[in-house]
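Please look over the chain shown below before reading on.

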Amino acid sequence: MESTTPRGTRTGFTTGACAAAAARAAAQGLETGQVPDAMESLLPNGQRVRFAVRDGRCDAHSAHAMVVKFAGDDPDCTDGAHLTVDLRLLPGQAGEISFVAGDGVGTVTLPGLGLAVGGPAINPVPRQNIADNLHEAAPRLLAQHGLEVTVSVPGGQEMAKKTTNARLGILGGISILGTTGIVKPYSTAAWRASVVQGIQVAATLDHGVVALTTGGRTETFAMQTLRAERPGLPAACFVQMGDFLRYALDEVVAQGLPEVVLGVMVGKLTKIAQGETITHANRNMVDTDLVAEIARQIGATAEDCAAIAAAETARFGAELMVERGLGPAFHEALAQRAIDTLTAPERYGHAFALRVLVCDFSGQPVADVRSAPAEARPRPATAGRTGIGHTHHTDFDTE
């Protein structure tokens with residue numbers, strides 16, 4: 001299955017696609033009496049891909065098959081996982097297909113994921129993809145009987161520790177995911193989907209707040225700050241949005257969450273203040289003229305403002321202001337500019353109350369600024385209904 005494409009650009013296959021291939025091979029075993037050692041499987045995107053199949057065995061009432069996941073060059077903790085499927089015949093239940101979480105596959109314990117609480121963490125698209133492959137591989141069998149599909153991933157409990165599953169209420173293992181069947185290296189779409197999903201879950205918890213952070217350090221800082229004020233605030237109320245502020249805030253509005261806390265450092269904060277809602281370093285540069293303007297506003301000298309404007313980073317300006325004894329005033333003014341930008345009528349207005357928590361590069365608080373309260377409006381009835389997003393990436397520990 002591995003591509004000959006140069007390293008760094010190789011695509012791989014989702015856990016859902018691998019589970020579907022294993023299920024198809026097991027179904028063929030039930031249909032024909034022999035599980036094949038390779039299987040062409042249908043992906044959700046309509047492609048057909050040939051997978052190697054291991055551990056195939058079957059009898060008249062059950063079948064077993066396993067596919068090893070290849071993630072390409074994506075930094076996915078499930079690369080090399082053994083996606084294992086056991087099929088059990090359900091006599092007389094024509095066309096019925098049910099799903100069970102085996103060893104290493106999580107169980108859903110919180111609402112908001114679009115899956116039944118208490119059921120297996122197998123997303124709707126992989127479920128449909130597995131069902132499609134079962135119907136193609138064993139049409140005669142399914143015309144008379146049903147199949148119970150148990151998906152297992154040995155070692156999945158350890159893999160899940162590198163994901164956000166636990167805070168989303170998915171316990172006991174990983175989730176079976178994938179909307180196309182293909183994993184692209186460092187998939188921004190996958191990260192974006194996990195941000196949206198995290199906000200959907202936060203919206204079900206009745207705390208009325210989501211803390212959006214840009215990485216591991218800012219999340220730790222935000223957790224310490226908010227939990228000192230609200231003991232017991234659950235981890236599911238904290239979402240590492242990375243660079244995807246726009247998608248995060250759009251989902252906040254869709255879910256009707258009344259309060260947003262941003263946990264940021266000066267680089268991302270400056271980009272937000274200048275109107276960037278996708279804050280990746282490879283996109284628009286930090287506007288150091290804006291940093292200099294903020295410094296001028298709080299009384300910095302003309303010489304310092306010129307040096308800040310000529311610098312490459314916002315951090316230079318922030319550290320210079322700290323050196324001059326103007327650190328708190330500078331960070332507060334920059335945070336207020338970010339709030340003014342985001343709450344402008346052409347952006348989000350007062351759809352939610354916004355609080356900006358700023359820390360320095362050692363994680364120490366340097367500013368805490370709040371907007372006006374949110375406008376009262378009803379919460380949507382459709383909150384949190386799109387299914388599990390991607391949760392397999394390890395943390396990209398940026399700001």
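How much accessible surface does the protein have, and what percentage of it belongs to carbon and sulfur atoms? The accessible surface comes to about 16600 Å², and 51% of it belongs to carbon and sulfur atoms, with areas calculated by the Shrake-Rupley method using a 1.4 Å probe and, for residues, with only the protein chains shown counting as cover. This is a predicted model, in which local features need pLDDT of at least 70 and side-chain atom pairs count only at pLDDT 80 or more, while totals for chains, interfaces and linings use all residues. Residues are numbered from 1 along each chain as its sequence is written, and side-chain values use heavy atoms, with hydrogens and water left out.

**Overall make-up**

- The protein has twelve helices and 18 strands, where helices (H or I, at least four residues) and strands (E, at least two) are DSSP runs numbered from the N terminus.
- Of its 399 residues, 55% count as buried; buried means under 20% relative accessible area, exposed means over 50%, and partly exposed lies in between (1.4 Å probe, protein chains only).
- Among contacts between residues at least 6 apart in sequence, 71% join residues at least 24 apart, a contact being heavy atoms within 4.5 Å.

**Cysteines**

- A disulfide is a covalent bond between the sulfur atoms of two cysteines.
- Here a disulfide is counted when a pair of cysteine sulfur atoms lies within 2.5 Å, and by this rule the count comes to zero.
- C18 is buried, with a relative accessible area of 0%, and C359 is buried too, at 2%.

**Helix α7**

- Within α7, which spans residues 245–255, the buried residues are L245, A248, L249, E251, V252 and Q255.
- After α7 comes G256, which has a positive phi near 70°.

**Helix α9 and its surroundings**

- In α9 (residues 288–297), T288, L290, V291, A292, I294 and A295 are buried, and the buried residues of this helix pack against α8 (266–273), α10 (302–310), α11 (314–323) and α12.
- The N-terminal end of α9 is capped by D287, one of whose side-chain oxygens lies 3.0 Å from the backbone nitrogen of D289; a polar contact is a pair of N or O atoms within 3.5 Å, and within protein one must be able to donate a hydrogen and the other to accept it, with residues adjacent in sequence counting only if both atoms are side-chain atoms.
- G299 follows α9, and its phi is positive, near 100°.

- T341 is found in α12, residues 327–342, and counts as buried at 14% relative accessibility.
- The side chain of T341 reaches the backbone oxygen of R337 at 2.9 Å, and, leaving aside neighbours within four places in sequence, T341 is in contact with I272, A273, G275 and R347.
- G349 sits in the loop between α12 and β17 (353–359), where it counts as buried at 13% relative accessibility.
- Not counting residues up to four places away in sequence, G349 touches L342, T343 and A344, while 9.9 Å separates its C-alpha atom from that of I339, ten residues apart along the chain.

**Paired strands**

- Strands β5 (residues 62–68) and β6 (residues 82–90) run antiparallel and are joined by seven bridges, and T84 in β6 is the bridge partner of M66; two strands pair if DSSP finds at least two bridges between them.
- β6 also pairs with β10 (residues 146–152) in the antiparallel sense over seven bridges, with L87 standing opposite V149 in β10.

- Most residues other than glycine have a negative phi, and most peptide bonds are trans.
- D55, in strand β4 (residues 54–58), has a positive phi near 60° and is partly exposed, with a relative accessible area of 47%.
- D206, in the loop between α5 (188–203) and β14 (209–213), has a positive phi of about 65° and counts as exposed at 68% relative accessibility.
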